Amino acid sequence: MVKSVAANFIGKGVIIVAIRNVISTLTSSGEETMGPDVLLFHYPGNDIMNGSLLTVESNHFCVLKSRGAILNVYETGQYPVETPQKVLIGAIQQAFYGGQSPWQYEAIYVNRAKLVIRTEGRALSAEMAPLHYQVDYYIHVDTKDDALKLVQHMPYQGHFIKTSEVNAYAGPVLEQAINQICQVTPLEQINEHIHDITELVTAHLQEFLAVYGITLNNVKVLVSPADELMKRLISLRAFGLSEDQAARYYLAFLMADKGLITAPNAVTNTGFTV
């Protein structure tokens, strides 16, 4: 993640070699750290000092902090770090501390590309039948002010905030919004209300994520019976069968799978004679 450029500084007849670090999200092998599952990356080195170059890619923001205070927020480009330290002091830090500067500066990169997050969970219908839901939602960080909100309001451990951690915050909001409609809707009518569920999830999620500076782009919701038997019965009911007929057809399918020749009798509800 660090590239070095040698620069000579002459002071009182002494040549001091200072190392100008290039701070970026690239690894030493040139691989990008900010993958499709990374929302925030905290640069792990403590070698940022006066004259270091911050490289910010076109799909990133960079927040520079000093002793916990935010100094600046950068967009695309390359910027020299201007701190209260002098250039000579920066060179001495490299020489005597081996890059381990006692003045700690932090570079925090925020991904501004559109990311997709998937969450799954359980809900209940009006009959208390178990439901399985799957929600795909697309997010991005839109402005420098939003990048600040993310850094200030969403805590992180280590050097990353990944989409899975965003999902840990948003999951309860999604579950509550989905259950709000599902728990008062009969099982067979759930799909008729999928548009209402999607709108409610979008409204709740958008309001929640805005606190963290995250913009919600769009949401896709899928809800289905969690029990395989209920899925088959509802599918048969969709063909216009009555509840009794759907149950007999399902029984016939099971019998046919077992190779029983009496499967057609289950459909017609007649006895089997030899």
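A salt bridge is a side-chain nitrogen of Lys or Arg within 4 Å of a carboxyl oxygen of Asp or Glu. The exercises below concern a predicted model, in which local features need pLDDT of at least 70, side-chain atom pairs count only at pLDDT 80 or more, and totals for chains, interfaces and linings use all residues. Residues are numbered from 1 along each chain as its sequence is written, and side-chain values use heavy atoms, with hydrogens and water left out.

**Exercise 1.** State how many salt bridges the structure holds, and describe the one formed by Arg 112.

*Solution.*
Step 1. The structure holds two salt bridges.
Step 2. Arg 112 pairs with Glu 75, and their closest N and O atoms are 3.6 Å apart.
Step 3. Arg 112 lies in the loop between strand S8 (105-111) and S9, and Glu 75 in the loop between strand S6 (69-74) and strand S7 (77-80), so the pair ties together parts that are 37 residues apart in sequence. Strands (E, at least two residues) and helices (H or I, at least four) are DSSP runs, numbered from the N terminus.
Step 4. Arg 112 has a relative accessible area of 22% and is partly exposed; Glu 75, at 33%, also counts as partly exposed. Buried means under 20% relative accessible area, exposed over 50%, and partly exposed in between (1.4 Å probe, protein chains only).

**Exercise 2.** Determine which residue forms a salt bridge with Arg 118, and whether each partner is buried or partly exposed.

*Solution.*
Step 1. The partner of Arg 118 is Asp 136, with the closest N and O atoms 2.7 Å apart.
Step 2. This pair links distant parts of the chain, Arg 118 being in strand S9 and Asp 136 in strand S10, 18 residues apart.
Step 3. Arg 118 counts as partly exposed at 49% relative accessibility, whereas Asp 136 counts as buried at 13%.
Step 4. Asp 136 touches Ile 117, Arg 118, Asn 218, Val 219 and Lys 220, not counting residues up to four places away in sequence. Contact here means heavy atoms within 4.5 Å.

**Exercise 3.** Describe the span and bend of helix H3, and name elements that cover its buried residues.

*Solution.*
Step 1. Helix H3 (residues 163-182) has 20 residues and reaches 26 Å from its first C-alpha to its last, close to the 28 Å expected at 1.5 Å a residue. The expected span is 1.5 Å times one less than the number of residues.
Step 2. H3 bends by about 45 degrees at Ala 170, and Pro 172 follows within four residues. The bend is the angle between axes fitted to the seven residues ending at a residue and the seven starting there.
Step 3. The buried residues of H3 include Ala 170, Gly 171 and Val 173.
Step 4. Among the elements covering the buried residues of H3 are S10, helix H4 (194-210) and strand S12 (215-225).
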